[in-house]
Amino acid sequence: MASISELLSVYENTDALVDAEDALDQIAAMGPPEDLPLGDYYDGLAEVAADEGDFVLAVRAQRRAIELGCEHLELGRDMLAWYLLKAGDRDEGEAAFARLRVERAGDPHVVSVLANARMDSGDGHGALEAYDEALDLAKSAEDQGWIDQLRDERQYCRFENGLPPDEDDHLAGKAHSAYPQATHYSVAWFPRDQIEAALAHWPSLVDDLNDPDAYCRTIEARLQDVRSETGRQPSIAPLRVEQLVEFAEENGIDPDSGAARSRFAAELGRVGESVAWPPGRNEPCWCGSGRKYKRCCG
């Protein structure tokens with residue numbers, strides 16, 4: 001019988017998702033040590049399976065991740081419900097979302113995830129109902145951040161449903177004479193070769209940038225959150241320090257601010273200078289570590 005280390009090697013190196021799943025199942029049957037985060041391995045497998053369009057496997061793996069206690073349990077339950085819809089198990093997926101909505105009553109986030117999952121699985125009318133409800137919840141809570149985000153997402157959904165702009169569409173941040181064909185998100189990131197220069201300009205970033213690997217894992221988590229909340233693949237916007245400073249000066253904003261980094265990231269995405277995410281499991285990690293994505297941030 002293969003050892004746990006040998007099975008983990010299979011999981012990390014195989015290109016066949018069913019072989020990776022089998023390796024994890026064998027480890028689970030052996031009774032792995034408590035310090036082995038097997039739930040997180042299943043969680044990663046579910047995400048990769050979803051990226052490759054195998055939502056039946058994604059559902060199986062996400063169930064196991066939840067059973068074994070993955071680190072991001074709440075997000076894992078959101079994604080299980082989403083994967084069920086994508087796998088065609090609409091009744092079970094809707095029931096899973098119904099339970100989440102009872103547990104998190106009044107939370108626009110979970111209703112937003114439902115809206116995005118319905119949109120992603122081809123239920124445009126159901127998505128719009130959920131967007132309307134989520135926006136109402138955000139307005140009741142006077143949460144302007146959520147109001148702005150939901151207006152943008154709802155606007156795109158209404159466009160896809162062939163509906164004319166309404167009052168909230170005109171208030172959306174991306175309102176134009178015509179609807180946007182897609183909504184794109186770019187996440188700001190200082191590449192490893194820019195960290196020293198960034199710290200020299202902005203010492204306040206030391207807690208974020210002092211450990212490059214930890215910093216990149218934080219960006220990976222942010223990318224996953226964006227995908228979870230919007231149902232769309234974000235891209236990575238590599239920030240060059242000199243370009244960021246120049247951009248901030250041209251736009252009259254403080255370069256040592258999250259707003260400057262976010263606006264510059266959006267501009268890089270707009271002009272096509274962002275990096276597609278995620279890479280394939282066996283491709284080099286986007287973070288520049290030199291390791292494979294599945295062995296690094298993936």
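When I say two residues are in contact, I mean that they have heavy atoms within 4.5 Å of each other. With that in hand, hello everyone, and please keep in mind that this is a predicted model.

Let's start with tyrosine 83. Setting aside neighbours within four places in sequence, tyrosine 83 is in contact with Ala46, Glu47, Ala50, Phe55, Ala58, Val59 and Gln62. It also belongs to the largest nonpolar core, which has 54 residues. Within that core, Leu24, Leu45, Tyr83 and Phe97 are the residues that touch the most other members. Apart from this one lies another core, of 33 residues, and its members include Ile195, Ile219, Val226 and Cys287.

You'll find glutamate 47 in helix α3, which covers residues 38–51. So, is glutamate 47 buried or exposed? Its relative accessibility is 13%, and because buried means under 20%, glutamate 47 counts as buried. Who touches it, once we leave out residues up to four places away in sequence? Glutamate 47 touches Tyr83, Glu220, Gln224, Arg227, Trp277 and Tyr293.

Now to a pair of helices. Two packed helices are described by the angle between their axes and the distance between the axes. Here I'd like you to look at helix α7, residues 108–120, and helix α13, residues 212–230. Their axes come within 7 Å and cross at roughly 75°. An angle of 65 to 115 degrees counts as roughly perpendicular, so that is the label for α7 and α13. From α7, the contact is made by His109, Ser112, Val113 and Asn116, and from α13 by Ser228, Glu229 and Thr230. Sorted by class, this contact has one nonpolar, five polar and one charged residues.

On to the charges. Side chains of opposite charge can pair when their charged atoms come close.

For the opening example, take arginine 104 and aspartate 78, whose side chains meet at 2.6 Å, N to O. Arginine 104 sits in the loop between α6 and α7, while aspartate 78 is in helix α5, residues 73–86. The two are 26 residues apart, and the pair links distant parts of the chain. Arginine 104 is buried, with a relative accessible area of 11%, and aspartate 78 is buried too, at 1% relative accessibility.

Next come arginine 101 and glutamate 133, in a salt bridge of 2.4 Å, N to O. Arginine 101 lies in helix α6 and glutamate 133 in helix α8, so this pair ties together parts that are 32 residues apart in sequence. Arginine 101 is partly exposed, with a relative accessible area of 26%, and glutamate 133 also counts as partly exposed, at 31%.

My last pair is arginine 270 with glutamate 267, whose side chains form a salt bridge at 2.7 Å, N to O. Both residues lie in helix α15, residues 258–270, and they are three residues apart, about one turn of the helix. Arginine 270 counts as exposed at 61% relative accessibility, whereas glutamate 267 is partly exposed, with a relative accessible area of 26%. Some bridges also share partners: Asp132, Arg154, Arg158, Asp166 and Asp169 are joined into one network that way.

Notes: Residues numbered from 1 in each chain as written. Predicted model: local features only at pLDDT ≥ 70, side-chain atom pairs only at ≥ 80, totals over all residues. Heavy atoms only, no water. Helix = DSSP H or I, 4+ residues; strand = E, 2+ residues; numbered from the N terminus. Buried < 20%, exposed > 50% of the residue type's maximum accessible area, 1.4 Å probe, protein only. Axes fitted to C-alpha atoms, helices over the stretch in contact; angles between N-to-C directions. Parallel < 35°, antiparallel > 145°, perpendicular 65-115°, else oblique. Nonpolar A, V, L, I, M, F, W, Y, C, P; charged D, E, K, R; others polar. Core = buried A, V, L, I, M, F, W, Y, C linked by side-chain atoms within 4.5 Å. Salt bridge = Lys/Arg side-chain N within 4 Å of Asp/Glu carboxyl O.
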